[in-house]
Amino acid sequence: MSAVYPEKIKKEPNGSYSWFCSIDPDYYRKSIRPGFIACIFIAVFLLLFGAVLAWQYHNWEYFLIVAGCTGVFMLIALFFFGLAFSASDPQETYVMSEIYIKSGYGKSSVYLHYTKLKTVIFSRNYIELRGKTSKMRVYIPAEDFYFVKDYIQRHLPGECDIRYE
């Protein structure tokens, strides 16, 4: 079956395809949870390190400064992660080229090269790509799903495990 040219996906001048679409809110929340947990660990580390130094140098006034700064850090983290967790319709940007598929933009983008894929799961609402150490869900506008599915299948390595859900 040949691919139908996409309706909502845009072909870029360099030959890649890009699109922007809604993603599953639960998947989005699960993907940003490690960042929030990292903020908590950083705050705990700063407090413990500050307490050790305050105890070692017998100066608890500096610990109060560390505790205040850590508190401000956590308030900022709670505010921004609270906004992110409350998103009812999260959106994601994708770019699909001959070599890789990219999710996100800027420094937060994630690249998966087709040659490094070990497993691909075709679901009704998304395509999940799994490499050795990373994985990505690709959400696609419904009318372009078969185009993207066909495009990805043509670029998969021969030893890639393909599953259907």
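**Pockets and a sheet**

Modeller: Eighteen is written here as a count of lining: 18 residues line the largest pocket, and Ser31, Glu92, Ser103, Ser108 and Val110 lie nearest its centre. A pocket is an open set of points on a 1 Å grid over the protein atoms alone, where a 1.4 Å probe fits, with protein on both sides within 12 Å along at least five of seven lines; lining residues have an atom within 4 Å of a point. The model is predicted: local features need pLDDT of at least 70, side-chain atom pairs count only at pLDDT 80 or more, and totals for chains, interfaces and linings use all residues. Residues are numbered from 1 along each chain as its sequence is written, and side-chain values use heavy atoms, without hydrogens and water.

Biologist: What volume has the second largest pocket?

Modeller: Rolling a probe the size of a water molecule over the atoms shows where empty space is left. The second largest pocket has about 180 Å³, as the space filled by probe spheres set on grid points joined across faces, edges and corners. Its lining includes Glu128 and Arg137.

Biologist: Where does Glu128 stand?

Modeller: Glu128 is opposite Arg137 in β8. Strands are DSSP runs (E, at least two residues), numbered from the N terminus, and two strands pair if DSSP finds at least two bridges between them. β7 and β8 pair in the antiparallel sense over five bridges.

Biologist: Which order do the strands take in the open sheet?

Modeller: The order of the four strands is β8-β7-β6-β9, with mixed pairing. β8 and β9 are the edge strands, each pairing on one side only.
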